[in-house]
Amino acid sequence: VFIVSDKNNDTVSFDAGFYKKKHAKDKSEVRIENAKLIGSNEKNRPYMITAKSALKNSIKKNIMTLYGVEADISLEKGKWILLKTLEASYNHNKKTLSSQNLVKIYYNNGTTLESSNIFYNISSGLIKGNNGITMFGNWGVIESGSFSFSINSQKLKFFNNPFMKIN
């Protein structure tokens, strides 16, 4: 286990595929296969971010670029959300995850949210997107220009001309 934070409960673990082929040639980068970032937010709710691969270079020391990302986020009363994207940046000092790619968020009740970007402040439990959102559920579809979701209060807010199509 490799600790990337001052706190002992925030860890990155590596399995047998720790080094990729190119690492032997370029010592300024660490490439990781099957990375896991495990921790808890300020309300002690656990999260786990997994990536098929990760890249950490010596220039941006606090930033890891993650590929094939899934963030499993626990909510209260056994509820959860799962965030998935192809590529994201993780800042281990600020405990933030951001993506400029298509992000899908799955809620345990079957609701799905899609956005073209997100910024997730893990410590405060706030997820934001500001470049369009579509939310699908049994009740219909909501589209909006931007959104915010608080992990702690489980409140989802829509901004910039939201509209709802009811099934």
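Predicted model: local features only at pLDDT ≥ 70, side-chain atom pairs only at ≥ 80, totals over all residues.
**Before you start**

Residues are numbered from 1 along each chain as its sequence is written.

**Whole chain**

Show everything as cartoon. The protein has zero helices and 16 strands. Both are DSSP runs numbered from the N terminus: helices are H or I with at least four residues, strands are E with at least two. The accessible area comes to about 9400 Å², with 51% belonging to carbon and sulfur atoms (Shrake-Rupley method, 1.4 Å probe; for residues, only the protein chains shown count as cover). Of the 167 residues, 41% count as buried. Buried means under 20% relative accessible area, exposed over 50%, and partly exposed in between, with a 1.4 Å probe and protein chains only. Now consider contacts (heavy atoms within 4.5 Å). Among those with a separation of 6 or more, 35% link residues 24 or more positions apart.

**Stop 1: β5 and β6**

Select residues 63-74 and 80-91. These are β5 and β6, antiparallel and joined by 11 bridges. Strands count as paired if DSSP finds at least two bridges between them. Find Asp 72; Leu 82 of β6 stands opposite. Five residues lie between the two strands of this hairpin, and Lys 77 in the turn has a positive phi of about 60°.

**Stop 2: other partners of β6**

Pick Lys 84 and its bridge partner in β8, Lys 104. Tyr 90 stands opposite Leu 97 here. The β6-β7 hairpin has four residues between its strands, and Lys 95 takes a positive phi near 55°.

**Stop 3: β7 to β10**

Select residues 118-121, strand β10. β10 pairs with β7 in the antiparallel sense over four bridges. Ser 98 has Phe 119 as its bridge partner.

Which side chains of β10 are buried? Ile 118 and Tyr 120 are, and they point to one face.

**Stop 4: β10 to β11**

Finish with residues 126-129, strand β11, which pairs antiparallel with β10 over three bridges. Tyr 120 stands opposite Ile 127 of β11. Four residues separate the strands of this hairpin, where Gly 125 takes a positive phi near 80°.

Key
Heavy atoms only, no water.
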